[in-house]
Amino acid sequence: MSLSGVNRVLLALLGAALLAAGVVLLTASRPLAGRHEPLLTAQERRVLPWWLLLALLGVCVLLALWWLLSQLRRARLAAVLVDTGDGAFAVLRGRALEEAVAADVLAAVEGAADCRVALWRRRGAPALRLALELEPHAVPADALAALAGPVLDRARASAGLAALPTEARLHVTPRRARRVT
């Protein structure tokens, strides 16, 4: 499950718990038994296993810390494993592959103004995210064809990968109107 999926599930669970707590408090129904009654009676306080509540709170704190640390983790892939063909693997720096693909895109795509590339997923099965900014005169279909053909073929071949899933986002640079005087 991706990090955004985990975030959605955690937010949904937190929202459901808060909604249930709000309904219980507003209706003052069981387990509260009335507005002026204590939440736990003296008998219930003696019987309640406090170590269980503390363990549950400890698990909640550990899950919250795990979630916080996962938010701070870098989304970019630092290295890619390249099969050398003799049973061993070489490590290709992720930044080097990103910079090479970006330079290749700018050289191969006519009308490309800027290109940002990011590697993500796993070391053994990476994927690319491209943000390509086009000049107003560029044809998006031609840019996509140049990108999908030779550029990605060279990236796959240089990294020794059978497949390199790619997500490309094309943006057109707005052109300012010329002022006639």
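This report describes the fold, the sheet and the nonpolar core of a predicted model.

## Basis of the description

Residues are numbered from 1 along each chain as its sequence is written, and side-chain values use heavy atoms, with hydrogens and water left out. Because the model is predicted, local features need pLDDT of at least 70 and side-chain atom pairs count only at pLDDT 80 or more, whereas totals for chains, interfaces and linings use all residues.

## Overall architecture

The chain has 5 helices and 5 strands, these being DSSP runs numbered from the N terminus (helices H or I, at least four residues; strands E, at least two). From the N terminus on, the order of elements is α-α-α-β-β-α-β-β-α-β.

Of the 181 residues in the chain, 23% are buried, that is, under 20% relative accessible area with a 1.4 Å probe and protein chains only. The chain exposes about 13,100 Å², of which carbon and sulfur atoms supply 65%; the areas come from the Shrake-Rupley method with a 1.4 Å probe. Among the contacts (heavy atoms within 4.5 Å) in the chain with a separation of 6 or more, 48% are between residues 24 or more positions apart.

## The sheet and its helices

Three strands form an open sheet in the order β3-β4-β5, with mixed pairing, where two strands pair if DSSP finds at least two bridges between them. Since β3 (112–121) and β5 (166–172) stand at the edges with a single partner strand each, one side of each is left without a neighbour in the sheet. Neighbouring strands of this sheet are turned by 15 degrees against each other on average, direction ignored; the axes are lines fitted to C-alpha atoms, for helices over the stretch in contact, and angles run from 0 to 180 degrees between N-to-C directions.

Strand β4 (residues 126–134) runs parallel to β5 and is joined to it by 7 bridges; L132 has L170 in β5 as its bridge partner. Helix α4 (residues 94–108) packs on the sheet and touches β3 and β4, its direction making about 150 degrees with that of β3. Helix α5 (residues 140–159) also packs on the sheet, touching β4 and β5, and its direction makes about 145 degrees with that of β4.

## The nonpolar core

A nonpolar core is here a set of buried Ala, Val, Leu, Ile, Met, Phe, Trp, Tyr and Cys residues joined through side-chain atoms within 4.5 Å. The largest has 25 residues, and V101, V105, V109 and L132 are those with the most contacts inside it. At least two residues of this core come from each of α4, β3, β4 and α5, and α5 supplies the largest share, 7 residues.

When residues up to four places away in sequence are not counted, V101 touches V117, L128, L130 and A155.

Note on methods. Buried < 20%, exposed > 50% of the residue type's maximum accessible area, 1.4 Å probe, protein only.
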